[in-house]
Amino acid sequence: MAKLPPVGSSVLFENELVRVWQVGLDRREELPLHQHEVPHLAMQHTDGHLGVADADGSRARDVTADSFE
(Lines give C-alpha, C1' and ligand atoms only; values in the text may rest on other atoms or scores of the structure.)
Protein backbone atom coordinates (compact mmCIF):
# COMPACT_ATOMS: atom_id res chain seq x y z
CA MET A 1 0.00 0.00 0.00
CA ALA A 2 1.27 3.47 -0.86
CA LYS A 3 2.19 5.78 2.01
CA LEU A 4 -0.63 8.22 2.72
CA PRO A 5 -0.11 11.86 3.75
CA PRO A 6 -0.19 12.86 7.44
CA VAL A 7 -3.48 13.48 9.26
CA GLY A 8 -2.77 17.17 9.91
CA SER A 9 -0.35 19.99 9.24
CA SER A 10 1.77 19.60 12.37
CA VAL A 11 2.08 17.58 15.55
CA LEU A 12 1.47 19.80 18.60
CA PHE A 13 2.23 17.15 21.23
CA GLU A 14 3.19 13.49 21.29
CA ASN A 15 4.08 10.89 23.89
CA GLU A 16 3.72 7.11 24.20
CA LEU A 17 -0.07 7.42 24.68
CA VAL A 18 -1.26 10.26 22.45
CA ARG A 19 -0.44 12.35 19.37
CA VAL A 20 -2.13 15.75 18.94
CA TRP A 21 -2.35 17.09 15.39
CA GLN A 22 -3.23 20.60 14.30
CA VAL A 23 -5.52 20.71 11.27
CA GLY A 24 -6.69 24.01 9.83
CA LEU A 25 -9.07 24.16 6.88
CA ASP A 26 -10.63 27.09 5.08
CA ARG A 27 -14.23 26.86 3.92
CA ARG A 28 -14.61 24.17 1.24
CA GLU A 29 -10.98 23.08 1.69
CA GLU A 30 -10.38 19.34 1.86
CA LEU A 31 -7.76 17.15 3.44
CA PRO A 32 -6.15 14.56 1.19
CA LEU A 33 -7.07 10.95 1.82
CA HIS A 34 -5.32 9.87 5.00
CA GLN A 35 -5.54 7.10 7.58
CA HIS A 36 -5.91 7.22 11.36
CA GLU A 37 -3.62 4.48 12.69
CA VAL A 38 -5.00 4.69 16.23
CA PRO A 39 -8.35 5.69 17.78
CA HIS A 40 -8.90 9.43 17.44
CA LEU A 41 -10.88 12.38 18.74
CA ALA A 42 -11.59 15.56 16.79
CA MET A 43 -12.46 18.98 18.21
CA GLN A 44 -14.13 21.60 16.02
CA HIS A 45 -13.24 25.23 16.78
CA THR A 46 -15.92 26.71 14.50
CA ASP A 47 -19.39 25.79 13.23
CA GLY A 48 -19.42 24.04 9.90
CA HIS A 49 -20.32 21.04 7.81
CA LEU A 50 -18.08 17.99 7.84
CA GLY A 51 -17.95 15.35 5.15
CA VAL A 52 -16.11 12.10 5.80
CA ALA A 53 -15.26 9.35 3.31
CA ASP A 54 -14.55 6.06 5.05
CA ALA A 55 -14.31 2.42 4.02
CA ASP A 56 -18.08 2.00 4.45
CA GLY A 57 -18.96 5.03 2.32
CA SER A 58 -19.33 8.77 2.75
CA ARG A 59 -21.19 10.52 5.54
CA ALA A 60 -21.78 14.18 6.31
CA ARG A 61 -22.94 16.13 9.34
CA ASP A 62 -23.11 19.61 10.76
CA VAL A 63 -20.64 20.37 13.55
CA THR A 64 -20.69 23.11 16.17
CA ALA A 65 -17.83 25.10 17.65
CA ASP A 66 -16.05 23.49 20.60
CA SER A 67 -17.68 20.11 19.98
CA PHE A 68 -15.91 16.76 20.03
CA GLU A 69 -16.38 13.61 18.05
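Modeller: Let us start with Asp66, which is exposed, having a relative accessible area of 51%; here exposed stands for over 50%, buried for under 20% and partly exposed for what lies in between, with a 1.4 Å probe and protein chains only. Before we go on, note that this is a predicted model, in which local features need pLDDT of at least 70 and side-chain atom pairs count only at pLDDT 80 or more, while totals for chains, interfaces and linings use all residues. Residues are numbered from 1 along each chain as its sequence is written, and side-chain values use heavy atoms, with hydrogens and water left out.

Biologist: Where is the place of Asp66, and what is its phi near?

Modeller: Strands are DSSP runs of E with at least two residues, helices are runs of H or I with at least four, and both are numbered from the N terminus. Asp66 lies in the loop between β5 (57-63) and β6 (67-68), and its phi is near 60°, a positive value in a residue other than glycine.

Biologist: How many helices and strands does the protein have, and how do β4 and β5 run?

Modeller: The protein has 0 helices and 6 strands. Two strands are said to pair if DSSP finds at least two bridges between them, and here 7 bridges join β4 (residues 48-54) to β5, the two running antiparallel.

Biologist: Which residue forms a salt bridge with Glu14?

Modeller: Side chains of opposite charge can pair when their charged atoms come close. The rule asks for a side-chain nitrogen of Lys or Arg within 4 Å of a carboxyl oxygen of Asp or Glu, and by this rule the count comes to 1 salt bridge. Arg19 forms it with Glu14, the closest N and O atoms being 2.8 Å apart. Arg19 is partly exposed at 43% relative accessibility, and Glu14 is partly exposed at 46%.

Biologist: Finally, where is the model's confidence lowest and where highest?

Modeller: The score to read is pLDDT, the predictor's confidence in each residue, from 0 to 100. The protein averages a pLDDT of 79, and 91% of the residues score at least 70. Confidence is lowest in β4, at a mean of 80, and highest in strand β1 (residues 10-14), at 86.
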